[in-house]
Amino acid sequence: MNRKKLLISLAMAMLSMAGLAADNLPALRVQGKNLVDANGKIVVLHGVMDTPNRYFNGWRWQKWKADYSEADIQPCLEYFSKQFSAITDKKQGAYCTVFRLHMDPCWTNNPAKKAENEADISAFDMRRYRLYLQKLYIPLIKDAIAHGLYVIVRPPGVCPQDISVGDKYNRYLKAIWKDFAADEYIQQNSGIISIELANEPVRVHLKDGSNSDKAKALHDYFQPVVDEIRAQGFKGIIWVPGAGYQSQYQDYVKYPITDSEDNFSYAVHVYSGWYNASDNNCDHDAFIKQFQAQVPMVTSKPIMVTEIDWSPEDPDKASEGHWNEWGQWTQPNLGSWATASTSKWGLAWKAVHDHFGNIGMTLTHPQEYYDIDEYLKNGIVQPGFQNAKKHGLFEECCGYACMNWYKEWYLKQNTTGIKQLETQADVVSTLYYNIEGKEVEKPTAGVYIIKQLLSNGKIRSRKVFLK
């Protein structure tokens, strides 16, 4: 081994022993219209969301039980660890960089009490929340980060249909985030862990329940929650929801959120039929214009779409369907919430995403990204909605589309020319590693980790795509 290679190997070993591996996830913050890391590099996140709930996880880690207890934690953690491995398996084409975690109320509710639905907080138990925050939610977050994923966390449950400034649910959100934001591990990793204040507010009213100044109600409801989080010392990104199931943000123009850390932005939901866009109305420019009209801060703040999915109508269920959030009849599809086709609505959405360049997204469920059962059985990562193949509709589903788009966006974001790196005056030596961490003497086309010893003795590490 030559002297330069010895120096860089020793330096990397020292960094590893100090717990400061050069390829750790860089902390992110809001800067203008973008998310950026410490070097000012623009980052756009793409991934999936999920909730640790036996039913919503398809009974894959445990069958039905009457309640949730500490005995149920380990199988849940093991299941999610496999999920994190699958959605980050770049060798098999999976390029997720963010995971949205729902702190499911099935763990935080008192099993002796009956909640009518996820918006009913009457069964919420703060002692259980504190217990499972430490024993389940934070371990899930740690594992996701260890797999190279940023984590967005949402509170247990969903907003009631009508909420008013200072109401019981407002106090509930402040209490949830107070404990979360004060945690030492959360604070230490606040550049990697971010907070989504609430899930799908519908109608937000003033304190007396009136709407005489509706625009101010949205601000007055969530500003105290932001302030509570900052009071605990959490400095990470806060994602603020809008009204109308997180599709209406115009009110924030007149009454904007303020933040002592200047490190907040907005979490948005997007489904077919919203923003006047669907398979029947998929003009790209019209979708772009309407999205900006309803989310005007897209031109000045990074946007995180924390729920989105689609698949076309299921020919086998032509007589079935459901009513969506807006009271619109929606034909049954091949396994998603929203019904649409990639070649129509999906490409229109991609046009919105690419036009603004600062919109991240998480699919509403991992199974809409990849085939969970195939991975658990055979370790193979393949797009979700394999059931669509029998109808010739596989490529019209969000699984196939996002498996390709996430890779495209990731490689574009992380592409750096090899000659540019090697001609830096302060580079003493450069080593190349494949995605398995093995050193490569003569790299060919593909994704690599480049580790460089600089003349000042520091180590620089980054992922690159070589053509």
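1. Asp50 stands opposite Leu101 in E5. Four bridges join E4 to E5, and these two strands run parallel. Strands are DSSP runs of E with at least two residues, helices are runs of H or I with at least four, and both are numbered from the N terminus. Two strands count as paired if DSSP finds at least two bridges between them.

2. The model is predicted: local features need pLDDT of at least 70, side-chain atom pairs count only at pLDDT 80 or more, and totals for chains, interfaces and linings use all residues. Residues are numbered from 1 along each chain as its sequence is written, and side-chain values use heavy atoms, with hydrogens and water left out.

3. Strand E5 (residues 98-102) is mostly covered, with five of its five residues buried. Buried means under 20% relative accessible area, exposed over 50%, and partly exposed in between (1.4 Å probe, protein chains only). Val98, Arg100 and His102 lie on one side of E5, Phe99 and Leu101 on the other. Both faces are covered.

4. E4 and E5 belong to a barrel. Eight strands close it in the order E4-E5-E6-E8-E10-E11-E12-E15, with parallel pairing. Neighbouring strands of this sheet are turned by 30 degrees against each other on average, direction ignored. Axes are lines fitted to C-alpha atoms, for helices over the stretch in contact, and angles run from 0 to 180 degrees between N-to-C directions.

5. Pro241 stands opposite Ala267 in E11. Helix H11 (residues 342-356) packs on the sheet, touching strand E4 (46-50), strand E12 (303-307) and strand E15 (359-363). The direction of H11 makes about 145 degrees with that of E15.

6. Which residues of H11 are buried? They are Thr342, Trp345, Gly346, Ala348, Trp349, Lys350, Ala351, Val352, His353 and Phe356. Their cover includes E4, helix H10 (284-294), E12, E15 and helix H13 (398-414). Just after H11, Gly357 takes a positive phi of about 75 degrees.

7. The second largest pocket has a volume of about 860 Å³. Its lining has 30 residues, of which Phe56, Glu118, Glu307, Trp337 and Thr364 lie nearest the centre. The lining divides into ten nonpolar, eleven polar and nine charged residues. A pocket is an open set of points on a 1 Å grid over the protein atoms alone, where a 1.4 Å probe fits, with protein on both sides within 12 Å along at least five of seven lines; lining residues have an atom within 4 Å of a point. Volume is the space filled by probe spheres set on the points.

8. Asp316 sits in the loop between E12 and strand E13 (322-323). Asp316 counts as exposed because its relative accessibility is 52%. Asp316 touches Lys390 and His391, not counting residues up to four places away in sequence. Contact means heavy atoms within 4.5 Å. The C-alpha atoms of Asp316 and Pro332, 16 residues apart along the chain, are separated by 9.1 Å.

9. A three-stranded open sheet has the order E1-E2-E3 and antiparallel pairing. Strand E1 (29-31) and strand E3 (42-43) stand at the edges, each with a single partner strand, so one side of each is left without a neighbour in the sheet. Two bridges join strand E2 (residues 34-36) to E3. Leu35 stands opposite Val43 in E3.

10. Overall, the chain has 14 helices and 19 strands. Of its 467 residues, 56% count as buried.

Technical notes
Ala, Val, Leu, Ile, Met, Phe, Trp, Tyr, Cys and Pro count as nonpolar, Asp, Glu, Lys and Arg as charged, and the others, Gly among them, as polar.
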